Amino acid sequence: MQAITLKYKSQGVAKYYFIAALVLFTAQIIFGITLGLQYVIGDFAFPYIPFNQARMVHTNLLIVWLLFGFMGSAYYLVPEESETELYSPKLAMVLFWVFLAAGALTIVGYLAVPYAKLAELTGNELLKTMGREFLEQPLPTKVGIVVVCLAFLFNITMTVLKGRKTSISLVLLMGLWGLALMFLFSFVNPDNLVRDKMYWWFVVHLWVEGTWELILGALLAFVLVKTTGVDREVIDKWLYVIIAMALITGILGTGHHFFFIGMPGYWQWVGSIFSAMEPIPFFMMTVFAFNMVQRRRRDHVNQAALLWAVGCSVVGFLGAGLWGFMHTLSAINYYTHGSQITAAHGHLAFYGAYVLVVIAMISYAMPTLRGFEANNRRAQAFEMWSFWIMSISMGLMVLALTGAGILQVWLQRMPTDGSAMSFMATQDQLRFFYWLRVGGGVGFLAGLLTYLYSFFAAPGSQDREEQSSTGLFQLRPQQRV
């Protein structure tokens, strides 16, 4: 066993955020399987967990656990990049408990109180912000999120300012500040439906296809720097080009949500053209990851973290790039908008781009937070198995949803005899695909539990020679440093 000590003690706060993220991630998947079953067994878990409540919990848990993952990653990454202790570890811990309590109370509110009553009890009449998908949080929760984010950003920014400035930490800061600023549009809920949807997409789209991509790029670059030993100058050049393309295509690509909501007609062209370009930065991330692996100058013992990082770039390109491109042109989106094809894209994009990068960070950082350079071979084997189980299960879900979406469009929106099938009649025809989705969800949960088990399987780090002989990527002896 090769024990190590954290170079910066304040990095230890990241462990709490990572543990909370994984617990909430597990809860999100359980609610997702519940939703899948409710598609084929209509009264499953009713009246205890109605579909609308389960869906709110499922989507809100996704956002909250990813935010915990981003915050934990920042608390681990920034001290190391800045070469200085965190500005205020105590503030980080206070924010952790505040955010966790607020999130837990909000979920309990969703499940225990009818949504209209929850809005009444939480002062929605003072500032009407509730009722929009992904932004269902009560007003006190939204205010709490803003307070937590601003205090978190203060802590991180002050740490960067007092230490070394690197491209990775600056890009991460830019993404985190953008995340917080875009969330402020969740407080804007105008009576005009067109403006309402426009501001709503300023949050949802400019998060996942804007500021979050900067966070993704920074975290991926950090993991690759640590696991490959490639010169920072090389990684920095790739990072700058990738984030530039992500911002150009992502910001103007917002137009693909403006096709049919009452916005001017030129968005048909702007949204189509720049949305068609959005796969480019994700393809660049794939090339970037594989290029760094080929150039690697060290044989890092944590091969599992490298697998998660490379998998993030590949699956992210498939989900956000390829599956997004499939229905992003306005002439196609006219038929596919809001169908199960959208759900297929959303599931694979979130998993590939954000779930995998957070797990890559956890996989790299958690062993060091527990006092080891990396988990031993047995624990890493469980991690690698979990990657393949989750990825294959997600692939099954996405293919099932894609098949369901194509059939849905064909039966409901493009009838050959001139008469469209009703929505519910169409849903009956999709049951086979929905059962496949449930199967994929159960498999995904099994993969996640396998990943969680890896933390208990055999913690610690084995001898470097043993690890290098069984690693995912083999190095030529002359490359080792």
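In this predicted model, His-345 is in contact with Gly-319, Ala-320, Trp-323, Gly-324 and His-327, leaving aside its neighbours within four places in sequence. His-345 belongs to helix H13, which spans residues 340-369, and because its relative accessibility is 17%, under the 20% limit, the residue counts as buried.

Ser-339 is located in the loop between helix H12 (330-336) and H13. With a relative accessibility of 3%, Ser-339 counts as buried, and, not counting residues up to four places away in sequence, Ser-339 touches Gln-408, Val-409 and Arg-413.

| Side chain | Backbone atom | Distance |
|---|---|---|
| Ser-339 | oxygen of Thr-336 | 2.7 Å |

Elsewhere, the report turns to a helix pair. Helix H5 (residues 139-162) packs with helix H6 (residues 167-183) at an angle of about 160°, their axes being 10 Å apart; since angles over 145 degrees count as roughly antiparallel, H5 and H6 are therefore described in that way. The crossing of the helices H5 and H6 is left-handed. On the H5 side the contact includes Ile-145, Cys-149, Phe-152 and Ile-156, and these and other H5 residues meet a set in H6 that includes Leu-173, Trp-177 and Phe-183. The residues of this contact comprise 14 nonpolar, two polar and one charged.

Notes:
Residues are numbered from 1 along each chain as its sequence is written. This is a predicted model: local features need pLDDT of at least 70, side-chain atom pairs count only at pLDDT 80 or more; totals for chains, interfaces and linings use all residues. Side-chain values use heavy atoms; hydrogens and water are left out. Axes are lines fitted to C-alpha atoms, for helices over the stretch in contact, and angles run from 0 to 180 degrees between N-to-C directions. Helices (H or I, at least four residues) and strands (E, at least two) are DSSP runs, numbered from the N terminus. Angles under 35 degrees count as roughly parallel, over 145 as roughly antiparallel, 65 to 115 as roughly perpendicular and the rest as oblique. A crossing is left-handed if the near helix is turned anticlockwise from the far one by less than a right angle, and right-handed if clockwise. Contact means heavy atoms within 4.5 Å. Ala, Val, Leu, Ile, Met, Phe, Trp, Tyr, Cys and Pro count as nonpolar, Asp, Glu, Lys and Arg as charged, and the others, Gly among them, as polar. Buried means under 20% relative accessible area, exposed over 50%, partly exposed in between (1.4 Å probe, protein chains only). A polar contact is a pair of N or O atoms within 3.5 Å; within protein, one must be able to donate a hydrogen and the other to accept it, and residues adjacent in sequence count only if both atoms are side-chain atoms.
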